[in-house]
Amino acid sequence: MSAPEKFDSPNAVMQYAVELASRGLGRVEPNPAVGAVLVDEHLNLLTSGYHERFGGPHAEVNALTDFVARVEDASFRQELLANATLYVTLEPCCHHGKTPPCSEAVIAAGIRKVQVGIRDPSPHVAGGGIQQLQNAGVQVSTGLAEEQIRELNAPFLKLLESGLPWVHAKWAMTLDGKIATRTGVSKWISGEASRQRVHLLRGRMDAIIVGAGTARADDPLLTVRVPGPRTPVRVVVDSGASLPLDSQLVRTVDEAPVLLAVSEDAPAERIEKLRNAGVDILVAGGTESRVDLKKLLAELGRRSMTNVLIEGGGELLGAAFDGHFVDETHVFVAPKIAGGADAVTPVGGVGLELISEAGQLRGQTVELVGDDVYIHGRLH
Ligand code: AOF
Ligand code: ZN
């Protein structure tokens, strides 16, 4: 979308701020994606900005910096600012973090009206930004495009509210719902274009998680071959610490970190060897010598991971769905039929008793990627 010069309605201004905010996704986490648009009283665009990367200037500050650069005449600039309204998707911050408070920057700029999309629930803000603006006599209204803003920042909001990362699940299956043939062969079910897509997805993630069976059977690299904004940690759920020392994952620990989630019963000498090879070990024990997925996710959340991707196999995805941990799914369906009553399906685990218990995908999109059908949607 190229920058519009004028907007039809206040809602259209906020929609544009949301669009700008979305450009920061993948780069700003664990911060929220935020957009800011400054308009005059006729809704003409004066300037705009968004939070571009973690640690960098916030949306409001980027918008104001751009405005100062473009309107050199200071008195004209002050006049424009005094009659302008700042639309910002998130309540301006009021704390000194990696950057100074936006509330102070807005007040100092002489802006008199602010339209806020949603409140910032972060404990260091939580209404304080709006309060500061109001104390300085700035007129603040809230609540435009709230649903889109919450949708855009669902992973940020989830991490803040629950301490758990937003969990994406991805699999590629045949038309008859198999992720491998009866002999376990899975290369390749989806086509080249779909696999490229997966790399784009991986490049936005903080972690990629697979089960030990998949790690052994596929010997995957789990690195990002299409350079993205992030380098995800490669996580293996491996209760017995069975990951071979000569696996591709272990051999490439210098390219991207490898975290092994093990149970309390994992043999100490295996753990020691893997640790010496550079693998990070997390003991996240559950019942029956299994890894407790919730404990693992909580630890990833504690490390400020906002988006994680579970790539299989069927057992791990089954546990993830059984535990209701999955928030978003990415499914590639290839026009091939593998057959075989015992060939593995994507989601194992205990499963449901009734179809009526199944969560339905929201905001579902269906796209043809090469010869495959890519179905994407959210569960929460
Ligand atoms: C805003 N505008 O564009 C963003 C905000 O460490 P810092 O200084 O980057 O602050 C991060 C916090 O600021 C983050 O947790 C969230 O509460 C808020 N994000 N606030 O006014 C922005 N990205
Ligand atoms: Zn700020």
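**Cysteines**

I looked up Cys93 and noted that it is buried, with a relative accessible area of 5%. I kept in mind that the model is a predicted one. For Cys94 I found a relative accessible area of 18%, and because buried means under 20%, Cys94 counts as buried too.

I then asked myself how many disulfides the structure holds. I found 0 disulfides. To remind myself, a disulfide is a covalent bond between the sulfur atoms of two cysteines. The sulfur of Cys94 has its closest cysteine sulfur in Cys93, 6.9 Å away, which is too far for a bond, because a disulfide needs the two sulfur atoms within 2.5 Å.

**Sheet**

Next I traced the strands, and wrote down an open sheet of 5 strands in the order β2-β1-β3-β4-β5, with mixed pairing. I marked β2 (45-50) and β5 (139-142) as the edge strands, since each of them pairs on one side only. From one strand to the next, I noted a twist that averages 15°.

Which sense of pairing, parallel or antiparallel, joins β3 and β4? I found that β3 (residues 85-90) and β4 (residues 113-118) pair in the parallel sense, over 5 bridges. Within this pair I followed Val88, and its bridge partner in β4 is Val116.

Last, I looked up helix α1 (residues 10-22), which lies across β1 (35-39), β2, β3 and β4. I recorded that α1 runs at about 145° to β1.

How values were computed:
Residues numbered from 1 in each chain as written. Chains lettered and ligands numbered in written order. Predicted model: local features only at pLDDT ≥ 70, side-chain atom pairs only at ≥ 80, totals over all residues. Heavy atoms only, no water. Pairing = 2+ DSSP bridges. Helix = DSSP H or I, 4+ residues; strand = E, 2+ residues; numbered from the N terminus. Axes fitted to C-alpha atoms, helices over the stretch in contact; angles between N-to-C directions. Contact = heavy atoms within 4.5 Å. Buried < 20%, exposed > 50% of the residue type's maximum accessible area, 1.4 Å probe, protein only.
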